[in-house]
Amino acid sequence: GYVIYYWQGSRSSSDDKVASAVLAMKKNKELGKKAIMVRVVEGFEPRHLLKIFKGKLVVYSGPKVGGVKESRLFRIRGTFHGDIRATQMAETASSLASDDAFILETSKATYIWVGKGASEFERSTAQSVAKTLSPDRTAAVINEGSEPEEFWSALGGKQSYDNEIDPPGQIRKKFRNNRN
């Protein structure tokens, strides 16, 4: 059998959502209506879809401005190799969260920022994703609290961010708040 996934970003327009469903139905018709169609909303990707990407799903928030953007910030999410994804965030320090690992790509360097509550798995996953995002660079690993000035400058300056660390066993904030 076949499975057709049609993924809809959190900021996609109504027209984009309709178009994705129409294209999925068209593809199903080409397959003799034998496919299972699965609508996927950003942030709620099922594990069976994420497994297809083998830990390399990257969600971009839009095109690079003028082909080159000064910096890009990605939040790493996942609990095991089958459900990893990197989601682009606003390039500001307030997007950071101590429970997570982030990748900051600038025109000059790529950084892996490891929050105090990030797991070793999140750290190693960030290193793997950084190789996908910036294949020609070696990312510098920065632990929370040891950031160089260039890191804060790329985010528009140091500012407050979510530094709460959830106790073990609780549902992580990042999975309750899937929109960013």
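1. Let's start with the aromatic cluster: Phe102, Tyr111, Trp113, Phe151, Trp152 and Tyr161 form one such group. This is a predicted model, where local features need pLDDT of at least 70, side-chain atom pairs count only at pLDDT 80 or more, and totals for chains, interfaces and linings use all residues. Residues are numbered from 1 along each chain as its sequence is written, and side-chain values use heavy atoms, with hydrogens and water left out.

2. Rings of Phe, Tyr and Trp (its six-membered ring) pair if their centres lie within 6.5 Å; planes under 30 degrees apart are stacked, over 60 edge-to-face, and the rest tilted. That rule gives five aromatic pairs. The ring centres of Phe151 and Trp152 lie 5.2 Å apart with planes at 75°, so this pair is edge-to-face. For Trp152 and Tyr161, the centres are 6.5 Å apart and the planes at 25°, so this pair is stacked.

3. Are these residues buried or exposed? Phe151 and Trp152 are both buried, and Tyr161 is buried too. (Buried means under 20% relative accessible area, exposed over 50%, and partly exposed in between, with a 1.4 Å probe and protein chains only.) Of the protein's 180 residues, 42% count as buried.

4. Now for the fold. The protein has five helices and eight strands, as DSSP runs (helices H or I, at least four residues; strands E, at least two), numbered from the N terminus. Read from that end, the order is β-α-β-α-β-β-β-β-β-α-β-α-α.

5. Finally, look at contacts (heavy atoms within 4.5 Å). Among those in the protein with a separation of 6 or more, 66% link residues 24 or more positions apart.
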